[in-house]
Amino acid sequence: VYAHLRELASRNVSTDDELSFLGAGMYDHYVPAIVDSIISRSEFLTPYTPYQPEVSQGTLQLMFEYQTAISELTGPARLERDALRGPERARRRRLPRLPAPQAHALPDLARRAPARRETLRDDERGLGHRGPGVPLRDGVTDADALPRRSATTSRPSSSRSRTSSAPVEDLEALVPRVKECGAIAVARATR
Amino acid sequence: MTLGVLRPPGDFGVDIAVGGGQPLGNRLDYGGPVVRLLRRTAGVPAPHPGRHRRRDDDADGRRGFVLTLQTREQHIRRERATSNITTAQTLNALAAIVYLSWLGRRGIVEIGELMLQRTAYARKALAAVEGVELLHEQPADPRVSPSASTPTSRRDRIAAPNEGRHPGYPLGAD
């Protein structure tokens, strides 16, 4: 049985054998040996939700350290570990900010990865959203194309989205414009 | 990774910062699971369920860690909840914090600089190839997608998997 399973497994191809850029954001990165030696310890590998702090200090501390590190990298204030994944995460992050149907300043869907694009497009169809999104100019968000705040529309929602080509955006200029629209500014680090 | 080099988005008044944690010590593992990061400025309403941990002192003044905030529908609304969180990416987050600790404060800056330099080099080299066009001239983070959509590159794309190469998603198709 072992020999048979091994033969089946050996038909798989991994990134150790071939060169792949198919990850759409996930790629073969160097992982130092210390990562595996620590995360394979049983107290980290098999913990339950840390409802009882008196027996969960290690788990709670590691998540606290994670919060702190990411918080320092992204700026001041708070952080949450996202419990959702992939397209579902993209939808949850976007949905609560979707305002009444007449307001539309959503990021250009053409710039999202195909699976996320489909999820988001379905949601928008259901909510009656139409709109081309904020277009790009020379590869980055066109600040002039952001909608103006108007007395007749409800709070417009607008957000930055990863462009497929991942440029570095000029947040100093963009964020005040986004807030002018009465929207929430979301920045995304693709790597 | 580039956050080690760039000014943090929080400096610019960004309300929510999001990003991927896979480069931080996490493997591909058949496409997941991976950890993502999401930072929200205090005062911005939470658009998603989540949990917070805080450091605190107990009655005897000893340091301790606790879950301080759990905005999970399955706890608050119970049978009326429309979401239910069951998976945890704690182990992936641990891999990320081990990786970041291993890099250190200087290391994260060095690796960010190295990636930007190599991206700039790859860009220059690719732009010199006939049939490859740069999408824009903006400074870019390491995720560069060549935009080649010439007949040659399409032929190459089809042949590539047989030669052990798997090119990324063709942007020309959008």
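Guide: Buried means under 20% relative accessible area, exposed means over 50%, and partly exposed lies in between (1.4 Å probe, protein chains only). This is a predicted model, in which local features need pLDDT of at least 70 and side-chain atom pairs count only at pLDDT 80 or more, while totals for chains, interfaces and linings use all residues. Residues are numbered from 1 along each chain as its sequence is written, chains are lettered from A and ligands numbered from 1 in the order in which they are written, and side-chain values use heavy atoms, with hydrogens and water left out.

Visitor: Which residue meets Arg7(B) in a salt bridge?

Guide: The partner is Asp11(B), with an N to O distance of 3.4 Å. Arg7(B) is partly exposed at 45% relative accessible area, and Asp11(B) is partly exposed at 41%.

Visitor: And what does Glu110(B) pair with?

Guide: Glu110(B) forms a salt bridge with Arg106(B), and their closest N and O atoms are 3.5 Å apart.

Visitor: Where do those two sit in helix α2 of chain B, relative to each other?

Guide: They are four residues apart in that helix (residues 90–127), so about one helical turn separates Glu110(B) from Arg106(B). Helices (H or I, at least four residues) and strands (E, at least two) are DSSP runs, numbered from the N terminus. Glu110(B) is partly exposed at 44%, whereas Arg106(B) counts as exposed at 64%. Elsewhere, salt bridges with shared partners join Asp58(B), Asp60(B) and Arg62(B) into one network.

Visitor: What is the distance between Asp58(B) and Arg62(B) in their bridge?

Guide: It is 3.0 Å, N to O. Asp58(B) is partly exposed at 33%, and Arg62(B) is exposed at 52%.

Visitor: Changing topic: is Gln67(A) buried or exposed?

Guide: Gln67(A) is buried, with a relative accessible area of 8%. This residue belongs to helix α4 (residues 57–74) of chain A.

Visitor: Which side chain does the side chain of Gln67(A) contact?

Guide: It makes a polar contact of 2.7 Å with the side chain of Arg53(B). A polar contact is a pair of N or O atoms within 3.5 Å; within protein, one must be able to donate a hydrogen and the other to accept it, and residues adjacent in sequence count only if both atoms are side-chain atoms.

Visitor: Which residues are buried in α7(A)?

Guide: They are Leu171(A), Leu174(A), Val175(A), Arg177(A) and Val178(A). These residues cover an arc of only 170 degrees around the axis, which puts them on the same side of α7(A); the arc is that of the directions from the helix axis to the C-beta atoms. Leu174(A), in this helix of residues 171–180, has a relative accessible area of 6%.

Visitor: How many helices and strands does chain A have?

Guide: Chain A has seven helices and five strands. From the N terminus on, their order is α-β-α-α-α-β-α-α-β-β-α-β. Of the 191 residues in chain A, 46% are buried.

How values were computed
A salt bridge is a side-chain nitrogen of Lys or Arg within 4 Å of a carboxyl oxygen of Asp or Glu.
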